[in-house]
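Hi there,

I am passing a structure over to you, as promised. Please have a look at it first, and then read on for what turned up.

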Amino acid sequence: MAGRGTDIILGGNINFKIQKELYDILTVSKNYIISKKAKLLEFNLLKKFKGTSQKFLSVLLSLLTDEKFLALSDIDVLRILRENDRISIPTISYQCSIRFLLNELLLYNQKHQKQENKIVKNLGGLYIVGTERNDSRRIDNQLRGRCGRQGDPGTSRFFLSLDDNLLRLFGGPKVQNFMQNQLTDDSPLESDFITKSLDSAQQRVEERAYQQRKNLFDYDDILNKQRNIVYHERRQILESVSVQKNIFAYGEQIITEILLELKEEKSYAKQIIALLENLFGRNLELQSFTDSNTNLNEFDSSELKTFLFHEFWLTYQAKITEMSVYGDAIIENLERSIILINTDRIWREHLQKMSLLREAVGWRGYGQRNPLYEYKQDAYYMFETREEVLRHLIIYDLFRSSIL
């Protein structure tokens, strides 16, 4: 069947035919010339193209004496023939000769092509035979349309079986009962009832496919929104002159989140210091926290937060001073690299988790829960967790980085 954008020409496509014919002539003739059998070649050409013009033979023979043309490979010849229509004005001598030969062959074969076209039209045109009906009516209509392009005559006919998936799954028992009761074995069935049943079955299949695509789009839209956020943040890191503001924001947000989380859990102050010491990579000296049974609620939260912010700032400034020995731009490149590396790694892990989540939420439908709603909720929670883990990794890697 012809591809997209190509019409079936009754009687054959003359352009493809003459390109193939001229390709065979040029490649065989070139091999004759290379093997020094020019006289035998001229005799064969005169015999084969007896009905063509003398100009065709003279141009062909002159082309075979062109050293540039003889240096071409068979693939180069084929490429020139295919690209002939794209070249408006040929600039090389053998291109002009090839175009002239194509035009001469076209004029010579047009008469035969017109006769073959009339013969095919008188026989009824193109006959489309379908061995089954597609799930989509659009595909069937496209196939039917092949037999009547450009006003040409044509006919289409589909041969079906009750074992086809479309009839077996969506045709219903009415069609099978009709076949068993009204017709004998091995007799063909031609009925408007069957046609209407098939159209109804195709419509149901199309509606089901539409719902599946719509559902798929809803799932993809959630991940696409998250992807846009991550790409936007990543682009800002790449385009920014300095990322020190981001580092300060990450550290302050980590401290605030840890204080809120441990305060809700009524954790002890010593646990906070242990977590932050692990994050900062150094010991935090505070006399009030020596008692392991001291609860976080017994301290002023604003003073504690201010103290931890100050400790974070001191740790960060110490790291900047340490790296400034190797150059002023070292710390900025290091910060940007750590952020980008961790962003990409966490995002890849997040994509894998989202893929697993998408497979898992389908089972929640058996518990009378909407899988799409569950997917949205869990995807939001996982995205928030990703942001939190990313901040921790950036600060953790930055404070422990060193140049070897």
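Below are some notes on the cavities and on one pair of helices.

Please keep in mind that this is a predicted model.

By class, the lining of the largest cavity has four nonpolar residues, two polar ones and one charged.

The second largest cavity also holds about 40 Å³. Around this cavity you will find I8, L10, L126, R146, C147, G148, R149, D152 and P153. Its lining divides into five nonpolar, one polar and three charged residues.

Now to the helix pair. How do helix 13 (residues 301-323) and helix 14 (residues 330-360) cross? Their axes come within 8 Å, at an angle of roughly 120 degrees. An angle of 65 to 115 degrees would count as roughly perpendicular, and one over 145 as roughly antiparallel, so helix 13 and helix 14 are oblique to each other. On the helix 13 side, the contact is made by Y316, K319, I320 and M323, while helix 14 brings in I330, I331, L334 and E335. Six of the residues in this contact are nonpolar and two are charged, with no polar ones.

Enjoy exploring the model!

Best wishes

Technical notes: Residues numbered from 1 in each chain as written. Predicted model: local features only at pLDDT ≥ 70, side-chain atom pairs only at ≥ 80, totals over all residues. Heavy atoms only, no water. Nonpolar A, V, L, I, M, F, W, Y, C, P; charged D, E, K, R; others polar. 1 Å grid on protein atoms, 1.4 Å probe; cavity = no way out; pocket = protein on both sides within 12 Å on 5 of 7 lines; lining within 4 Å. Points joined across faces, edges and corners; volume = space filled by probe spheres on them. Axes fitted to C-alpha atoms, helices over the stretch in contact; angles between N-to-C directions. Helix = DSSP H or I, 4+ residues; strand = E, 2+ residues; numbered from the N terminus. Parallel < 35°, antiparallel > 145°, perpendicular 65-115°, else oblique. Contact = heavy atoms within 4.5 Å.
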